[in-house]
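Colleague: I am new to reading protein models, and I would like to learn how the words follow from the values. Could we look at one together?

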Amino acid sequence: MTQIVLITGASRGLGAALARQLAPTNHIIAVAKTVGALEELDDAVQAAGGAATLAPMDITVDAAMQQLCRGIFDRWGKLDMWLHTAVHAAPLAPAGHIGPKDLTKSMTINVEATARLIAYVSPLLGQTGKAVFFDDPRGGQQFFGAYGATKAAQIALARSWQAETVKTGPRVQILTPAPMPTATRARFYPGEDRSTLTEPTAEAARLLPQILAD
């Protein structure tokens, strides 16, 4: 039976790589703001014999996320899995010089949107579904104030949800990917030798057995 998998942040990087590898045996609901990148993902999914539903939406827009989850319920009645790869990478800055707009955007995307999505997606996952979050332990490192603090807060939300649902479900999993040559990392490490990093496709292949394990 085909499983229904929601991927938020599906247009690029690890989200797109996971979508491509899951698509042949699962129906992917791909959420991202970049329409062109979603269309490229759809082409790749179809070429692999899979099917995807494209949702060019902004996860920070509450009404859009309500509409998305209501649409999932109306069409499929449930979700089997949610992979949350969406994140905002604020520019590096000393803690005393973080721009207010950068901090607000980081909080909105990395924390507030995640909290709302947990509330909306949890009923769709029910007792047997699984939610997967991806940690990036930058909190406390120099110049990573906005990104590190809000990413840590996102994972703290996930860990609380994980602890709260041990007996009731859904299952909540938190994984830490290897460094990848993504656009997010390029903002943090311009000029880095990217040949030493793990390509998203290879990292998705490494993580998938853990994601799919019961």
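This is a predicted model: local features need pLDDT of at least 70, side-chain atom pairs count only at pLDDT 80 or more; totals for chains, interfaces and linings use all residues.

Colleague: Which elements build the protein, and in what pattern?

Modeller: There are 7 helices and 6 strands. Along the sequence they follow the pattern β-α-β-α-β-α-β-α-β-α-β-α-α. As for contacts with a separation of 6 or more, 69% of them are between residues 24 or more positions apart.

Colleague: Why is Gln154 called buried?

Modeller: Buried means under 20% relative accessible area. Gln154 has 0%, so Gln154 counts as buried. This residue lies in helix α5, and Gln154 touches His84, Ala86, Asn110, Val111 and Thr114, leaving aside residues up to four places away in sequence.

Colleague: Gln173 has a relative accessible area of 16%. Why is Gln173 called buried and not partly exposed?

Modeller: The same cut-off decides: 16% is under 20%, so Gln173 counts as buried. Gln173 is in strand β6, residues 171-175. Its contacts, again without residues up to four places away, are Lys130, Ala131, Val132, Phe133, Gln162, Gln210 and Ile211.

Colleague: And Gln3, why is that residue called partly exposed?

Modeller: Partly exposed is the range between the buried limit of 20% and the exposed limit of 50%. Gln3 has 35% relative accessibility, so Gln3 falls in that range. You will find Gln3 in strand β1, residues 3-8. Beyond residues up to four places away in sequence, Gln3 touches Thr25, Asn26, His27 and Asp80.

Colleague: How far apart are Gln3 and Pro100 in sequence and in space?

Modeller: They are 97 residues apart in sequence, and their C-alpha atoms are 41 Å apart. For another pair, take Pro137 and Ile155: 18 residues apart in sequence, with 9.3 Å from C-alpha to C-alpha.

Colleague: What makes Pro137 exposed?

Modeller: Exposed means over 50%. Pro137 has a relative accessible area of 54%, so Pro137 counts as exposed. Pro137 sits in the loop between β5 (130-134) and α5.

Colleague: What is noted about the phi of Phe143?

Modeller: Phi of Phe143 is near 75°, which is a positive value in a residue other than glycine. Most residues other than glycine have a negative phi. Phe143 is in the loop between β5 and α5. At 41% relative accessibility, Phe143 lies between the limits of 20% and 50%, so Phe143 counts as partly exposed.

Colleague: How do you know that the peptide bond from Gly169 to Pro170 is cis?

Modeller: Look at omega: for this bond the angle is near 0°, and the bond is cis. Most peptide bonds are trans. Pro170 belongs to the loop between α5 and β6.

Colleague: What lines the largest pocket?

Modeller: The largest pocket has a volume of about 1100 Å³ and is lined by 42 residues, with Thr85, Ala86, Val87, His88 and Thr184 nearest its centre. Two or more lining residues come from each of α1 (13-22), β2 (26-32), α4 (100-125), α5 (145-164) and α6 (183-188). The largest share, 5 residues, comes from α6. By kind, the lining divides into 20 nonpolar, 11 polar and 11 charged residues.

Colleague: And which residues lie nearest the centre of the second largest pocket?

Modeller: Those are Gln3, Asp80, Thr128, Gly129 and Arg171, out of 16 lining residues.

Definitions and conventions: Residues are numbered from 1 along each chain as its sequence is written. Side-chain values use heavy atoms; hydrogens and water are left out. On a 1 Å grid over the protein atoms alone, a cavity is a set of points where a 1.4 Å probe fits but cannot get out, and a pocket is an open set with protein on both sides within 12 Å along at least five of seven lines; lining residues have an atom within 4 Å of a point. Grid points are joined across faces, edges and corners, and a volume is the space filled by probe spheres set on the points. Helices (H or I, at least four residues) and strands (E, at least two) are DSSP runs, numbered from the N terminus. Ala, Val, Leu, Ile, Met, Phe, Trp, Tyr, Cys and Pro count as nonpolar, Asp, Glu, Lys and Arg as charged, and the others, Gly among them, as polar. Contact means heavy atoms within 4.5 Å. Buried means under 20% relative accessible area, exposed over 50%, partly exposed in between (1.4 Å probe, protein chains only).
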